[in-house]
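Keep the viewer open as you read.

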Amino acid sequence: MRYPSEHKHQTREKIVKAAARRFCSRGSERAGIGDLMRDLHLTHGGFYRHFLSKEELFVAAFEQGLKQLAHHADSAVKHAPKGGELKALIDGYLSLEQCDDPAGGCPIAALTTEITRRPTKVRGALFNLLIKHIGNEAKYVSGANDEERNRKVRFLFSGMAGTLNVARLIVDIRQRKKFLEDARKFYFEAVKQ
């Protein structure tokens, strides 16, 4: 039986979305393709109808994570008062919800250490996706030109990703909230100029 052409696309998207969550929560080394496909009620061999390798899936999952991150950021900014877009962007990223949900949160924060161990070609693809994401978010940051705005956002996101990782180490919920609150204030003051 032949499936409609959109079925293959839908199945691929289903795999990518599940992999994005799984990679961010478990790391790619602990997220086996066989388990992923079985949990989706798909065959292990069916994976290769959609991807050439786990590395290709990793790149697609990272891109999916960035899209989800951008969607959350755009939603926060959309509901922000005029002039409060940057604050909403930072507050949303450094929220307790984002901190407590590595699987559904920022793939930069969750996967940075793994990315450094990827082959050069894969790291290049991931970096290009990140630069595109940064370019899209730079519109919320002040600066004399695009280059300055992009530079600010590169440092903002790399700093906030590190902050999320440190916050995830803090066991006491009150200390974690305070740490994130202080970080939000710090990054807003640092970038708004």
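Start with Lys-87 and Asp-91, whose side chains form a salt bridge at 2.7 Å from N to O. The term here means a side-chain nitrogen of Lys or Arg within 4 Å of a carboxyl oxygen of Asp or Glu. Before going further, note that this is a predicted model, where local features need pLDDT of at least 70, side-chain atom pairs count only at pLDDT 80 or more, and totals for chains, interfaces and linings use all residues. Residues are numbered from 1 along each chain as its sequence is written, and side-chain values use heavy atoms, with hydrogens and water left out.

Why do Lys-87 and Asp-91 sit about one helical turn apart? Because they are 4 residues apart in helix H4, which covers residues 85-93. Helices here are DSSP runs of H or I with at least four residues, strands are runs of E with at least two, and both are numbered from the N terminus. As a general point, side chains of opposite charge can pair when their charged atoms come close.

Now move to helix H9, residues 173-192, where Lys-178 and Asp-182 are 4 residues apart and so separated by about one helical turn. Their side chains make a salt bridge at 2.8 Å, N to O. Lys-178 comes out as partly exposed at 44%, and Asp-182 is partly exposed at 35%. Further along, H9 also holds Glu-189 and Lys-192, 3 residues apart, again about one turn of the helix. The salt bridge between Glu-189 and Lys-192 is 3.3 Å from N to O. Glu-189 is partly exposed, with a relative accessible area of 39%, and Lys-192 is partly exposed with 39%. Elsewhere, salt bridges that share partners tie Glu-55, Glu-114 and Arg-118 into one network. The count for the model comes to 15 salt bridges.

Next, a look at two individual residues. His-7 lies in helix H1, residues 5-26, and is partly exposed at 30% relative accessible area.

Is Gln-98 buried or exposed? Gln-98 counts as buried, at 11% relative accessibility. Gln-98 belongs to helix H5, residues 96-99. Leaving out residues up to four places away in sequence, Gln-98 touches Leu-69, Gly-92, Tyr-93, Gly-105, Cys-106, Leu-164 and Arg-168, where contact means heavy atoms within 4.5 Å.

Finally, turn to helix H7 (residues 120-137) and helix H8 (residues 146-169), whose axes come within 9 Å and cross at roughly 115 degrees. That makes H7 roughly perpendicular to H8, since angles of 65 to 115 degrees count that way, under 35 as roughly parallel, over 145 as roughly antiparallel, and the rest as oblique. The axes are lines fitted to C-alpha atoms, for helices over the stretch in contact, with angles running from 0 to 180 degrees between N-to-C directions. On the H7 side, Ile-131, His-133, Ile-134, Gly-135 and Glu-137 meet Asn-150, Val-153, Arg-154 and Phe-157 in H8.

Methods. Buried means under 20% relative accessible area, exposed over 50%, partly exposed in between (1.4 Å probe, protein chains only).
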